[in-house]
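Hi there,

Here is the structure I promised to pass on to you. Have a look at it first, and then read on for what turned up when I went through it.

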Amino acid sequence: MAQRDAADDKPEPGTARPGSAAAQGRSEADVYRLKVKELRALLREAGVTGTSAMRKDELVRELFKTMHSDQRARSMAKVATGKKSVVPPDDHAPSSRTPQPARPAKRVPSAAGVPLPDLDREEDVIDLLLAQHEQIADLFVELGRSRGAQRRGLFARLVGLLAVHESIEQVLVHPLARARLADGDAVVDARAEEEEQAEQDLAELHALGLEHDDFVTKLANLRDAVVEHAELEEEEEFDYLRDNVPAAELRRLADVAVSATLTALAGDEDGPDEAPPAVFARAREALHGA
């Protein structure tokens, strides 16, 4: 994965300390949605040093440790004084994340149970991919906590979503970035290598067995790699394409992506037992034939 510059450690405007209202009350999924530079900014404001050398999984663990340490301190102060905490409640705390436009609540269910956004006329293929990045992060968290039949179903959903998501990028989006970015070949080649590795890791997890003792650890490693991969795509490809490709073309690509995704997942006859390579192959075929 690419290394971040020291400049990434500069706090973002409005970023709060991990022990403050903006950091308290975050779920695991919320924390993993934060970008690396946001995590570093929160930790640096809390006085944590050495964040420039930390990877995302290390930053997340350190943030949780700092938050939990602050919560224990509050509890001890409450016991010592016999009074309620004087720290303001978190309900109206400002968020450290940049506000995003509201997305439509309606979803179009696929045959494999993977939800797709019901895009309106103003939303495009970048909106679709950003929404899928959030869905993928959520699925990783749910899968890591699950067992038995629930784990099998969630793993199948994750494989299906990653297959169609990466196929959309490989067939529709990466070619645009390769052609339009000044360093398009280098950027896209790096992302393609990461996507190939993720597909291999999914196949290895499937072969390992979902109840194997090492499954959760290996899943966490894959999650960290996929989340960092998504951040790099957003920063190096999506922002540029949104600004430099005609809006009508990006909306057209969204229509192609949704149609091909439904076609790909409709062929999921083997359900949770289907090997990831077969799911990925069907998704790519559907996108190439769209």
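Among contacts between residues at least 6 apart in sequence, 74% join residues at least 24 apart in the protein chain. Please keep in mind as you read that this is a predicted model.

Some overall numbers for your notes. The protein chain has 290 residues, and 44% of them count as buried. Its accessible surface comes to about 14800 Å², with 51% of that belonging to carbon and sulfur atoms. In secondary structure, the protein chain holds 9 helices and 2 strands, and the order along the sequence is α-α-α-β-β-α-α-α-α-α-α.

Let me start with helix α2, residues 36-45. Is this helix enclosed or open? Of its 10 residues, 7 are buried, so α2 is largely enclosed by the rest of the structure. The buried residues are V36, E38, L39, R40, A41, L42 and L43, a list in which you will find the charged residues E38 and R40. After α2 comes G47, which has a positive phi, near 90 degrees.

Next, the helix pairs built around α5. Helix α4 (residues 125-145) packs against helix α5 (residues 148-180) at an angle of about 155 degrees, and their axes are 10 Å apart. Angles over 145 degrees count as roughly antiparallel, and α4 and α5 are therefore roughly antiparallel to each other. The crossing of α4 past α5 is left-handed. On the α4 side, the residues that meet α5 include L128, L129, I136, L139, F140 and L143; on the α5 side, those that meet α4 include L154, F155, L158, L161, L162, I168 and V173. The residues of this contact divide into 14 nonpolar, 5 polar and 4 charged.

On to the other pair: how do α5 and α6 run relative to each other? The axes of α5 and helix α6 (residues 184-208) cross at roughly 165 degrees and come within 11 Å. By the cut-off of 145 degrees, α5 and α6 are therefore roughly antiparallel to each other. Here, too, the crossing is left-handed, with α5 passing α6. From α5, the contact takes in F155, L158, V159, L162, E166, E169, Q170, H174, A177 and R178. From α6, the residues involved are G184, D185, V188, D189, R191, E195, L202, L205 and H206. This contact splits into 8 nonpolar, 4 polar and 7 charged residues.

If you compare the two lists for α5, you will see F155, L158, L162 and E169 in the contact with α4 and again in the contact with α6.

R152 lies in helix α5. With a relative accessibility of 34%, R152 counts as partly exposed. R152 and L210 are 58 residues apart in sequence, yet their C-alpha atoms are 7.1 Å apart in space.

The other arginine is R282, in helix α9 (residues 276-288). Is R282 buried or exposed? Its relative accessible area is 17%, and R282 is buried; the cut-off for buried is under 20%. R282 and A163 are separated by 119 residues in sequence, while the distance between them, C-alpha to C-alpha, is 8.5 Å.

That is what I have for now. Happy browsing!

Best wishes

Methods
Residues numbered from 1 in each chain as written. Predicted model: local features only at pLDDT ≥ 70, side-chain atom pairs only at ≥ 80, totals over all residues. Heavy atoms only, no water. Helix = DSSP H or I, 4+ residues; strand = E, 2+ residues; numbered from the N terminus. Buried < 20%, exposed > 50% of the residue type's maximum accessible area, 1.4 Å probe, protein only. Contact = heavy atoms within 4.5 Å. Areas by Shrake-Rupley, 256 points an atom, 1.4 Å probe, with all protein chains shown as cover. Axes fitted to C-alpha atoms, helices over the stretch in contact; angles between N-to-C directions. Parallel < 35°, antiparallel > 145°, perpendicular 65-115°, else oblique. Left-handed = near helix turned anticlockwise from the far one by under 90°.
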